[in-house]
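Try each task before reading its solution.

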Amino acid sequence: MKKYNVCIVGGGSTYTLGFLKSFARLQEEFPLAKLVLFDIDEKRQEPIGKYGDIMFAERYPELDFSYTTDPEKAYTGMDFVFMQMRSGGLKMRQADEHIPLSMGMIGQETCGPGGMAYGMRSCVDMIKAVHEIRKYAPEAWILNYSNPAAIVAEALRREFPDDTRLLNICDQPENVVRSTSRLLGCDWENLDPVYFGLNHYGWFTHIYDKTTGEDLLPKVRQIVKEKGFLPQDAEQRDQSWLDTYGFVQTMLEDFPDYLPNTYDGYYLYPEYKVSHLNPEFTRADEVMAGREKRVFKECDEIIAAGKLGDKFDHISDAHAEMMIKVAEAIAFNTNGRFILIVENKGAICNMQDDAMVEVVCELGINGPRPMRVGPIPQFYLGLLVQQVSSEKLLVDAFFEGSYQKALMAFTLNRLVNDAKKARKVLDALIEANKGYWPELK
Ligand code: NAD
Ligand code: G6P
Ligand code: MN
């Protein structure tokens, strides 16, 4: 069986440990010859690299594992490059969330003005990184899930129009499917969803039982009404995530036709959400106080002990597992189904062809084959056309260095929606992002 070479860009990410454990756990299923971590921050990546050295020596001794800040060493000979960079780091995420909230607008990692600010930073760094990857690994599959994935996908589509080995992915639709299976008490892999939307802005129109063909959506609606909605891994989640998932109940009461992605709550209830968010302590603060500390503490403990021993946990990591399964589908040409971000080209037939949409695709060695959704109803079309227009104008602003286009993008965004507010928050974000954004004139 062929063994694959994989690089993870953003080796210092809080998600990397989950990947290292999952690659070790799935070594029979997806065998690796070489695994390299790459990051621009040597100090942040080092403890994770050292953890990897210890873990793989015990659990995967034949694996050639290393970590580096040298792109040539990182990318040469790679079959797959997983991208999970956070341009500007969690400190800038904090600014993205705090600044709009201090002005009464949603402050969120990927939605609204904060997402647009992050989008500008990611466009700069992602385009640079993909050029670098292509210099050393012209044939590698690039699996990007760096956020904001909608804006990054649009920018990459324009910068690399002929690159057919560049895939943008988000785990949230699958997280919602997994959560639904917990509610139904069934195996999530026995659910066959139909989904449409943009990244972090979509709906499930059907959730079929793979075996019987029954559409389980009416049952899901009833259970959510009675019991609420929980993430599949609720026991490992912070309170803010439990609240976000719980809000699916409210969304289903008002719009019962389809099961929403959890992110829809920001767009459908911005005033309620703003009033329930704390401008001085947002999700970025929660991550810095929680997940980030836990990950690096785990590294420090293992490094101090010099061994994993029975500390190796077999708890699966849904996020890493999904991304690895995406790579497997390509490597082994399985044509398995995944919800992916692809150029529309008629999949949602009443939306523009060049929108980057999120739909169910079959995935194999020649890339994703999107499944047709057909026309979507006016309400959803209206919401999505407004959002895709905002995202496209933002990417115009990025490529053209245009303040005017950025102002239009912000004004058109449903979470801003007013030109004076747009100018105010845009100017504040330009100031906060000096050195990260291209200059807008
Ligand atoms: P983090 O800040 O902990 O880690 C990000 C790492 O990226 C840091 O070590 C940083 O030094 C590195 N980095 C920054 N710029 C870089 C560059 N230009 N090249 C290489 N490395 C760079 O962030 P995190 O919370 O672990 O999240 C990582 C990323 O994964 C984010 O973009 C996040 O939004 C994304 N993510 C996406 C999904 C999805 O479903 N699409 C799911 C989970 C995480
Ligand atoms: C989900 C989304 C990602 C997002 C992440 C944020 O997984 O799909 O796109 O980055 O949540 O999680 P966090 O715990 O960092 O707020
Ligand atoms: Mn996502």
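The exercises that follow concern a predicted model.

**Exercise 1.** Determine why the radius of gyration of the protein agrees with that of a compact globule.

Solution. 
1. The protein has 441 residues, and a compact globule of that length would have a radius of gyration near 22 Å.
2. The protein has 21 Å, so the value agrees with the globule rule.
3. Along its principal axes, the C-alpha trace spans about 55 × 55 × 40 Å.
4. The chain forms 18 helices and 12 strands, and 59% of its residues count as buried.

**Exercise 2.** Find which residues coordinate the manganese ion (ligand 3), and where in the chain they sit.

Solution. 
1. The coordinating atoms are SG of Cys170 and NE2 of His200, at 2.2 to 2.3 Å.
2. Cys170 belongs to the loop between strand S6 (166–169) and helix H7 (172–184).
3. His200 belongs to the loop between strand S7 (191–198) and strand S8 (201–209).
4. The two residues are 30 residues apart, and the pair links distant parts of the chain.
5. Cys170 and His200 are both buried.

**Exercise 3.** Describe what surrounds ligand 2 and how much of its area the protein buries.

Solution. 
1. Ligand 2 is surrounded by 13 residues, with Arg93, Asn147, Asp171, Arg283 and Arg291 the closest.
2. This shell consists of 5 nonpolar, 3 polar and 5 charged residues.
3. A polar side-chain atom of Arg283 is 2.6 Å from an oxygen atom of ligand 2.
4. For Arg93, the distance from a side-chain N or O atom to an oxygen atom of ligand 2 is 2.8 Å.
5. For Tyr263, a polar side-chain atom lies 3.4 Å from a ligand 2 oxygen atom.
6. Alone, ligand 2 exposes 390 Å², and the protein buries 90% of that.

How values were computed:
Residues are numbered from 1 along each chain as its sequence is written. Chains are lettered from A and ligands numbered from 1 in the order in which they are written. This is a predicted model: local features need pLDDT of at least 70, side-chain atom pairs count only at pLDDT 80 or more; totals for chains, interfaces and linings use all residues. Side-chain values use heavy atoms; hydrogens and water are left out. Donors are N, O and S atoms within 2.8 Å of the metal (3.2 Å for Na, K and Ca); water is not among the atoms, so sites may look incomplete. Helices (H or I, at least four residues) and strands (E, at least two) are DSSP runs, numbered from the N terminus. Buried means under 20% relative accessible area, exposed over 50%, partly exposed in between (1.4 Å probe, protein chains only). A residue is near a molecule or strand if one of its heavy atoms lies within 4 Å of it. A polar contact is a pair of N or O atoms within 3.5 Å; within protein, one must be able to donate a hydrogen and the other to accept it, and residues adjacent in sequence count only if both atoms are side-chain atoms. Accessible areas come from the Shrake-Rupley method with a 1.4 Å probe; for residues, only the protein chains shown count as cover. Ala, Val, Leu, Ile, Met, Phe, Trp, Tyr, Cys and Pro count as nonpolar, Asp, Glu, Lys and Arg as charged, and the others, Gly among them, as polar. The radius of gyration is taken over C-alpha atoms; the globule rule is 2.2 Å times the number of residues to the power 0.38.
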